[in-house]
Amino acid sequence: MAEVPGLDVDALLGDENKHVIACCGSGGVGKTTTAAALALRAAEVHGRRTVVLTIDPARRLAQSLGVESLDNVPKAVAAVRGGSLDAMMLDMKRTFDEVVASHTTPERAAEIFANPFYQAVSSTFSGTQEYMAMEKLGQLRATGEWDLIVLDTPPSRSALDFLDAPARLARLLDGRVIRLLSASTPGARRSMLSLMGASAAVFTRVFNKVLGGHLLTDVAEFTASLEDTFGGFRKRAEATFRALQDDQTSFLVIAAPEPAAVGEAVYFTRRLTEERMPLDGMILNRLTPVAADLTAERALGAAAALEESDADDPVAAVLRTHADLARRRAAEERVAARYAAACPEVPQRWLPALGVEVVDLDDLRAFGAAAAGA
Amino acid sequence: MTASAIPVPRLHIVTGKGGTGKTSVAAALALALAGTGRRVLLVEVEGRQGIAPLFDAPSLGYEERHLAAGLDGGEVFGQSVDADEALLDYLTMFYRLGSAGKVLQKFGAIDFATTIAPGLRDILLTGKLKEAVSRSESGRMTYDAVVLDAPPTGRVVKFLNVTVESGRLAKTGPIGKHSRSVARMLHSSLTAVHVVTTPAAMPVQETVDAYKELMSADLPVGHLVLNKVAGAKAVEVGAEEIKAGLERAGLHSEDDLVSGLVEEYAAARAEIESVDAYRDRLEQLGRPVEELPLLPEGVDLSGLYQLARELRPGIIGERRNG
């Protein structure tokens, strides 16, 4: 196998031209921990004013960062040595409310907030979290308060959702079906409806029946009130999406040595490449740590030899433990190698599992140092 | 099957934190439930295609397909349920839409409807499950059990409870009515939600949280599955002894090798000891805890059968006692 280029994490964190690092990957690969550790290292080792935007951190990680409460604004992380690190946890509903409030009169905003469809979209729609993460990223960037923003992405069913969901939400709120519906509310332009003709009639009839009439009315009212308050969700989502394409941004794909996670990482890498998103590397977490240099086969052979004279030989137990670890590691490396085979040009960094849960800044420091190979 | 006051669960919902192996456990459970003459449907809902590779099978589609022979000669079928297709299915069934359905799909209306009506996707998916559970052919149930590889713990309660919440948005219309009947099944003893975890702090914590969340949503929690348990013996052994042992076995005994083995074994012992603590923590929840071994080479088809055999006594045994 050709030598895979190594990912130089410190060069990336210290690069003054990089202002956003987005950590992407499927659930359960250590995305949030990686984002937090990289942010801490950027602040402490590279002296950059850094903020980490986490989506749904595990409780103890949140505690160590001091972001247990959802207050939606970055707060300084205490006990950071040198540089500065702020952290925040995304409050999806509040971010959405802020977007609405900042673009309309208080009366109009109150109307929107009271709409049941708005309440549903802002709290349960499956793309809202992704869209709001992008929105928040845009806001943080606009303040110019930070040199570097490290972004953890939502725990989507698929890493691709992060790229697709904002556009989907925008399409939904801005799309022709919505226009059609807005057109069929009382007082709106009737011409739209006749333009769409028979299919519109079929559409409204069927969906009124299935969903119950009032839902479509709620939707129509909601979009009508949005129309004149801010100029199109689509434009907004597109602008954020484009901002992610510039070379001030860096994407890191995070994976774990499991077939599903590696498969997801490969798909995501392809999408990033197609969309001309700046992908700088892949970090593979959670490899089984192996400390002794001995093949599984030799360890098992030796264990069997020892057990011939004493079935309970404790050294045989030690050797069997090693053989298990070595086999696990070898199987993991075979899975991980699929990534290098599919995406040979992407620099990689493989990290053994730390063996303990990250509970404080020291653990994050250790993680960051391991990632940097320091 | 013995008669009893409480019906045995026929819908098995398998959830867990990402990376705990919930898909493998769901697949093994389906094999274990497929005893002699039984038919089991294994369903995934998020288009991940996680099931097919485990069985060395081509990608699953909306059509149910034979996947594998169960333990003792039953049959396991697989299906990947997609919300858009489920809606079309539903419209065709209730409104005899025919080709109009295709027009709607082309128009983007299907996508629109499943997107705007919050949770409509999940309602359709859970509705499809109910249909599979209650379907019968010539006087017998089509499937003796349905196993769902469900969304992870963080989202599963929202997913399962959507039918309850949808009442708020779809008060009228067939979706509302449909939701209520699906909700009744999901909250009954026909359903069991199994939670998969590994012996590590975060997944166990998430399992405890998910348990509480499921209980407060009044959803029936089934078994807790402690997966990927490394099966080593805990022995007392020091560096000197290891060095001597390596020499007896005819291996080189460089200091690096010895210290590496000491380090590995110390970590493994700590893990073995922590497994007991995690098991206790899970047992305190008062639900049966099943333990599955870590397969060093990952889970392949023969590994699935091994896991199925491990699961069977705990899960099927309980059923037989009724």
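In β4(B), Glu75(B) is the bridge partner of Ala69(B). This is a predicted model, in which local features need pLDDT of at least 70, side-chain atom pairs count only at pLDDT 80 or more, and totals for chains, interfaces and linings use all residues. Residues are numbered from 1 along each chain as its sequence is written, while chains are lettered from A and ligands numbered from 1 in the order in which they are written.

β3(B) and β4(B) run antiparallel and are joined by four bridges. Strands pair if DSSP finds at least two bridges between them. Strands (E, at least two residues) and helices (H or I, at least four) are DSSP runs, numbered from the N terminus. The two strands form a hairpin with five residues between them. Asp72(B) lies in that loop, between β3 (65-69) and β4 (75-80) of chain B. Its phi is positive, about 60 degrees, although Asp72(B) is not a glycine. Most residues other than glycine have a negative phi. Is Asp72(B) buried or partly exposed? Asp72(B) counts as partly exposed, with 13 C-beta neighbours inside 10 Å. The cut-offs are these: buried means 20 or more other C-beta atoms within 10 Å of the residue's own, exposed means 12 or fewer, and partly exposed lies in between, with C-beta atoms placed from the backbone.

## The sheet of chain B

β4(B) also pairs with β2 (residues 39-44) of chain B. Six bridges join these two strands, which run parallel. Leu41(B) stands opposite Phe77(B) in β4(B). Five of the six residues of β4(B) are buried, so the strand is largely enclosed by the rest of the structure. β2(B) has a further partner, β7 (residues 145-149) of chain B, joined by five bridges and running parallel. There, Val43(B) stands opposite Leu148(B) in β7(B).

These strands belong to an open sheet of eight strands in chain B, with the order β3-β4-β2-β7-β1-β8-β9-β10 and mixed pairing. Which strands are at the edge? They are β3 and β10 (289-293) of chain B, and each pairs on one side only. Neighbouring strands of the sheet are turned by 25 degrees against each other on average, direction ignored.

## Helices of chain B

Helix α1 (residues 22-33) of chain B lies across β1 (11-16), β2, β3, β4, β7, β8 (191-197), β9 (221-229) and β10 of chain B. α1(B) runs at about 170 degrees to β7(B). Helix α6 (residues 120-134) of chain B lies across β1, β2 and β7 of chain B. α6(B) runs at about 155 degrees to β7(B). Axes are lines fitted to C-alpha atoms, for helices over the stretch in contact, and angles run from 0 to 180 degrees between N-to-C directions.

Helix α9 (residues 201-216) and helix α11 (residues 255-283) of chain B pack at an angle of about 5 degrees, with their axes 10 Å apart. That makes α9(B) roughly parallel to α11(B). Angles under 35 degrees count as roughly parallel, over 145 as roughly antiparallel, 65 to 115 as roughly perpendicular and the rest as oblique. Val204(B), Thr207(B) and Val208(B) of α9(B) make the contact with Tyr278(B), Arg281(B) and Leu282(B) of α11(B). Residues are in contact if their C-beta atoms, placed from the backbone, lie within 7 Å. By class, this contact has four nonpolar, one polar and one charged residues. Ala, Val, Leu, Ile, Met, Phe, Trp, Tyr, Cys and Pro count as nonpolar, Asp, Glu, Lys and Arg as charged, and the others, Gly among them, as polar.

## Chain A

The secondary structure of chain A comes to 17 helices and eight strands. Of its 374 residues, 48% count as buried. Among contacts in chain A with a separation of 6 or more, 76% are between residues 24 or more positions apart.

β4(A) pairs with β2 (residues 49-54) of chain A in the parallel sense, over six bridges. Thr54(A) stands opposite Met89(A) in β4(A). β3(A) and β4(A) pair in the antiparallel sense over two bridges. Ala76(A) stands opposite Asp86(A) in β4(A). Ala79(A) is in the loop between β3 (75-76) and β4 (84-89) of chain A. Ala79(A) has a positive phi of about 65 degrees although it is not a glycine. Ala79(A) is exposed, with 10 other C-beta atoms within 10 Å.

Note on methods:
Two residues are in contact if their C-beta atoms, placed from the backbone, lie within 7 Å.
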